[in-house]
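Reader: I would like to go through this model with you and ask, term by term, what each label rests on.

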Amino acid sequence: MARVLTPRAEDFPRWYQDLIAKAKLADNGPVRGTMVIRPAGYAIWERMQAEMDARIKAAGAENAYFPLFIPESYLKREAEHVEGFSPELAVVTHGGGKQLAEPIVVRPTSETVIGEFMAKWIDSYRDLPLLLNQWANVVRWELRPRIFLRTSEFLWQEGHTAHATREDARAYARRILHEAYEDLMVNVIGIPVVVGLKTARERFAGATATYTCEGMMGDGKALQLGTSHELGQNFAKAFDISYSSAEGGREHAWTTSWGTSTRMLGGLIMCHGDDNGLRVPPKLAPVQAYVMVVKDGEGVGEAAAKLRDGLRDAGVRVALDDRTDTPFGRRAVDAELRGYPVRVEVGPRDLATGNAVVVRRTDGSKSPTPVADVVGAVLAALDADQKALHDQALAYRESHTVEVSTLAEAIEAAATGWAKVPWSAVGVAGETEANGQGVTVRCLLRADGSVPDSEDEPDLVAVLARAY
């Protein structure tokens, strides 16, 4: 395989940028910090979106759409919220050639505008819970952009719900965290995430609790892949989201919000990619099997088309590459870069013996396979490699995570991976010290690995790391 990428071990950030460019996943947009997602990258995002959307709907939420433009006054109603987002806001002051009477914020997130309409739509306890989700773009002015990881504009889903009780709101925020986010990341994207509670310093602006899914990337750093927030009654009071209770009183609702974004594409690249390009888990891959004509003639084209049809009939997402006017080696390199889980190579010599060659992207193995057995071999490879990618990522995370007893040891360990340390050995002062050295508390866990309700619980474990 020709070397087309900077080796990961040599320069991980350069490798990441090389892969995005050479696999034709995305490009930088004309305005600094923006990105153009190319068809190959967008196809993966569409698969993520479809899988996530199905899980969100299974949890009872319905999709809606709210405006891109939000009156600046809306953000100012919740003090922590506007303070947290002020440095990242893009503000429109002119429209139609005239100065606007009130500045308009380009949506950084939609708690405020959705809160306004929740207040309008909710009257009685019978209207609860109100479970909404939005697929949209958002704008947060990014000073240090990196495609998929931090861009001034990105795509995401944001869920917003209102409940009659704090307990219902917490249960729903946790349900999304586990049944939608964790399940997708682990079982489809193949990233073994640590699920925990953010500290007060790290939680979402205006939230009372933030839960997170953290993945380890191929350089030992952490990436926050999704968050779910309890908002308490902060936004309900700011926007008067209230309801008549069954007892006849007037009560403020309890709200949540939760989101995942195109950052998951960056996580996919950095968790599973290797020196030959992307490796896409089969359940996620837009193209699971790539049938390639090595050289035309002698019935090769017909045999390849028949294999494509057989794979498609077996439920495999399949594509046929019969571009024999392009050198086979170049096409094979492109297929490696894009991370197609399985290639089926059909050439005159193999076909003469009744075989095709099944190539697995995960381990690079090449197996001459009787044409009649190709569909079964591909299905078996897809199942095995979905598990293999997850297990490789889990083994890497476990081998790069250490348990320590002091803050100093945790900061030192974060140079090459993650550290688990008693939260009591860190605390608020220790978190500030770690932040000063580029290390953050990614999340807090109970001793048994479960998600705590509060950072004040005894015997919590803190996960410290450097992060994107």
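Reader: Which residue in β14 is the bridge partner of Q157?

Author: The partner of Q157 in β14 is T260. This is a predicted model, in which local features need pLDDT of at least 70, side-chain atom pairs count only at pLDDT 80 or more, and totals for chains, interfaces and linings use all residues. Residues are numbered from 1 along each chain as its sequence is written, and side-chain values use heavy atoms, with hydrogens and water left out.

Reader: What makes β8 and β14 a pair?

Author: Two strands (DSSP runs of E, at least two residues) pair if DSSP finds at least two bridges between them; β8 (residues 153-163) and β14 have eight, in the antiparallel sense, and therefore meet that definition. Strand β11 (residues 222-230) also pairs with β14 in the antiparallel sense, over four bridges, and E230 stands opposite T256.

Reader: Why is β14 called mostly covered?

Author: Buried means under 20% relative accessible area, with a 1.4 Å probe and protein chains only, and seven of the eight residues of β14 (residues 254-261) are buried.

Reader: How is the lining of the largest cavity divided into nonpolar, polar and charged residues?

Author: There are five nonpolar, five polar and one charged, where Ala, Val, Leu, Ile, Met, Phe, Trp, Tyr, Cys and Pro count as nonpolar, Asp, Glu, Lys and Arg as charged, and the others, Gly among them, as polar. The lining includes E111, H160 and T256, and α5 (111-121) gives the most to it, with four residues.

Note on methods. Buried means under 20% relative accessible area, exposed over 50%, partly exposed in between (1.4 Å probe, protein chains only). On a 1 Å grid over the protein atoms alone, a cavity is a set of points where a 1.4 Å probe fits but cannot get out, and a pocket is an open set with protein on both sides within 12 Å along at least five of seven lines; lining residues have an atom within 4 Å of a point.
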